[in-house]
Amino acid sequence: MLALKRNIYRFSEYLGRCLANSVDETLSAIKVITLVLGSLSNLTKKSKRQIFYRFFFSRVASVTTQIAPSILILSLLITATIGFGFSKQAGKLVEHDLLPILGMGNGYFFNIVAYELAPLLVGMIFITSSGASMTAEIAQRKIRNEFATFRSLGIDPVFLFLLPVLLVYPFLMVVSIIYFDLISIFSYHLSIGQLDLFYDKGYTYYFSQTLSEKGFIVSIVKMIFGGLIIAIISINHGTRIQMANSGLPIVISNSTASQLIFFVSMDAVISIIGYLI
């Protein structure tokens, strides 16, 4: 009985710490968002806007080189594998009227991959390939006192280093989901040996009519919120580092774990809301 009470106490203490950490991180994230959004006013000045564009497109190029190859490979492998699997079962599927038309590259299949599987995969790629390295980069700038140095020179480091991050991730994640979907369509039809179906006007019309507009909107919303989550958590953890380089691995680990938890939770919540509306 005493051991049970002790375990209950430890569990309650653990939950309390988790709740306190969550509240602390949320408040810190709100502070970071307010600070970063406050730097948007600098975009009204042409000279600063030109400087911002340089940093923004540099960030776009950097993140793109990190995530584009992974998205290409995964989209090709996953849809090709599913395509080969369906092609082996073509006879049974058609016999039991499980496919509305011959070809199997129909919109019903595509909706599942494009609007449920793809957002999760794209989010995981961004978190593991770019989110962690972004946290490390921001943390290293903080350790080297670059933020304080730029402020002493009259330059806003938030405007140059953090605002581009907040804007780049939602933008690139929306582009990436469309990129993933287009490659998936091509890869799937190629794997089942029916790429010529796209020359059939009746098929392409059917395909376009079976695509879910709601599903497309939901996937775009997921990417916008997902990009904001990755950017905010990366900035928050990177700027909160207190120790020197010895604390960097812990910051990166905590940031990656938070990004995964919040992204998957967000994805599930938006999916449920999308189905209920």
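Helix α8 (residues 213–239) has 27 residues, which at 1.5 Å a residue should span 39 Å, and its end C-alpha atoms are 39 Å apart, in agreement; the expected span is 1.5 Å times one less than the number of residues. Helices here are DSSP runs of H or I with at least four residues, numbered from the N terminus. This is a predicted model, in which local features need pLDDT of at least 70 and side-chain atom pairs count only at pLDDT 80 or more, while totals for chains, interfaces and linings use all residues. Residues are numbered from 1 along each chain as its sequence is written, and side-chain values use heavy atoms, with hydrogens and water left out.

**Helices α8 and α9**

- Of the 27 residues of α8, 19 are buried, so this helix is largely enclosed by the rest of the structure; buried means under 20% relative accessible area, exposed over 50%, and partly exposed in between (1.4 Å probe, protein chains only).
- The buried residues of α9 include L248, V251, F263, M266, D267 and I270.

**Salt bridges**

- The structure holds six salt bridges, each defined as a side-chain nitrogen of Lys or Arg within 4 Å of a carboxyl oxygen of Asp or Glu.
- One of them pairs D267 with K222, with the closest N and O atoms 3.4 Å apart.
- D267 lies in helix α9 and K222 in helix α8, so this pair ties together parts that are 45 residues apart in sequence.
- Both partners count as buried: D267 has 5% relative accessibility and K222 has 0%.
- Salt bridges that share partners join R59, E137, R141, R144 and E146 into one network.
- Within that network, R141 bridges to E137 with the closest N and O atoms 3.5 Å apart.
- R141 and E137 are four residues apart in helix α4 (residues 107–143), which means that about one helical turn separates them.
- R141 is buried at a relative accessible area of 17%, whereas E137 is partly exposed at 24%.
- R144 forms a salt bridge with E146, and their closest N and O atoms are 2.8 Å apart.
- In this pair R144 is exposed, at 51% relative accessible area, and E146 is buried, at 16%.

**Aromatic rings**

- There are ten aromatic pairs, counted where ring centres of Phe, Tyr and Trp (its six-membered ring) lie within 6.5 Å; planes under 30 degrees apart count as stacked, over 60 as edge-to-face and the rest as tilted.
- F52, Y53, F56, F57, F159 and F171 are linked into a cluster by ring pairs.
- The charged end of R141 sits over the ring of F161, 4.0 Å from the ring centre; this label requires NZ of Lys or CZ of Arg within 6 Å of the ring centre and within 35 degrees of the ring normal.

**Helix α2 and the surface**

- L72, I73, L76, L77 and Y179 form a nonpolar surface patch with about 420 Å² of accessible area together.
- Patch members have over 30% relative accessible area and no salt bridge; nonpolar side chains (Val, Leu, Ile, Met, Phe, Trp, Tyr) are joined within 5 Å, like charges within 9 Å.
- Accessible areas come from the Shrake-Rupley method with a 1.4 Å probe, and for residues only the protein chains shown count as cover.
- Helix α2 (residues 46–88) supplies the largest share of the patch, four residues.
- L72 lies in α2 and is partly exposed, with a relative accessible area of 34%.
- S58 also lies in α2 and is partly exposed, at 46% relative accessibility.

Key:
Helix = DSSP H or I, 4+ residues; strand = E, 2+ residues; numbered from the N terminus.
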